[in-house]
Amino acid sequence: MAARIRILVAHAQGSRSPVPALVYKAEVIDEDAAPSSLWLCSHDHVEPTAAQQCARDWIARVRRALGFGGLDPMEMQGTQPSA
């Protein structure tokens with residue numbers, strides 16, 4: 001599975017400022033089968049790096065659940081669980 005993190009940006013809800021604040025969400029997409037969403041963060045982040053870390057944490061949890069161990073989440077392409 002080739003996964004990529006995509007950061008989505010939107011205007012914050014309820015902002016009364018002439019220039020509304022931005023909020024960020026993370027999405028993990030599967031690039032192997034016509035890019036499709038595997039996961040979308042259910043909450044907003046005020047920094048894009050926080051959204052990216054949220055996605056990396058989700059990937060790490062999935063990798064551990066599948067038996068991939070503690071490898072870096074972004075190194076998941078082409079790896080197989082150890083026997």
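Is alanine 55 buried or exposed? I looked that up first, and alanine 55 is buried, with a relative accessible area of 0%. For my own notes, buried means under 20% relative accessible area, exposed over 50%, and partly exposed in between, with a 1.4 Å probe and protein chains only.

Before going on, I noted that this is a predicted model, where local features need pLDDT of at least 70, side-chain atom pairs count only at pLDDT 80 or more, and totals for chains, interfaces and linings use all residues. Residues are numbered from 1 along each chain as its sequence is written, and side-chain values use heavy atoms, with hydrogens and water left out.

**Entry: around alanine 55**

I found alanine 55 in helix 1. Helices (H or I, at least four residues) and strands (E, at least two) are DSSP runs, numbered from the N terminus. Leaving aside neighbours within four places in sequence, alanine 55 is in contact (heavy atoms within 4.5 Å) with Ile5, Ala26, Val28 and Trp39. I also checked C-alpha atoms: those of alanine 55 and valine 28 are separated by 6.6 Å, though the two are 27 residues apart along the chain.

**Entry: helix 1**

I tested the length of helix 1. Its 18 residues should span 26 Å at 1.5 Å a residue, and the end C-alpha atoms are 26 Å apart, which agrees. The expected span is 1.5 Å times one less than the number of residues. Then I listed the buried residues of helix 1: Ala51, Cys54, Ala55, Trp58, Ile59, Ala60 and Arg63. Their cover includes strand 1 (3-11), strand 2 and strand 3. After the helix comes glycine 67, with a positive phi near 85°.

**Entry: the core**

Which residues make up the largest nonpolar core? I got Ala3, Tyr24, Ala26, Val28, Trp39, Cys41, Ala51, Cys54, Ala55, Trp58 and Ile59, 11 residues in all. Such a core is a set of buried Ala, Val, Leu, Ile, Met, Phe, Trp, Tyr and Cys residues joined through side-chain atoms within 4.5 Å. Strand 2 (22-30) and helix 1 are the elements giving two or more residues to this core, and helix 1 gives the most, with five.

**Entry: strands 2 and 3**

I saw that strand 2 and strand 3 pair in the antiparallel sense over four bridges; pairing needs at least two DSSP bridges between two strands. They form a hairpin with five residues between them. One bridge I picked out: isoleucine 29 has serine 37, in strand 3, as its partner.

**Entry: the cysteines**

**Entry: histidine 45**

Last, I went to the loop between strand 3 (36-40) and helix 1 (48-65), where histidine 45 is found. Histidine 45 is buried, with a relative accessible area of 11%. Its side chain has a polar contact of 3.3 Å with that of histidine 43. A polar contact is a pair of N or O atoms within 3.5 Å; within protein, one must be able to donate a hydrogen and the other to accept it, and residues adjacent in sequence count only if both atoms are side-chain atoms. Setting aside neighbours within four places in sequence, I found histidine 45 in contact with Val23, Tyr24, Ala50, Ala51 and Cys54.
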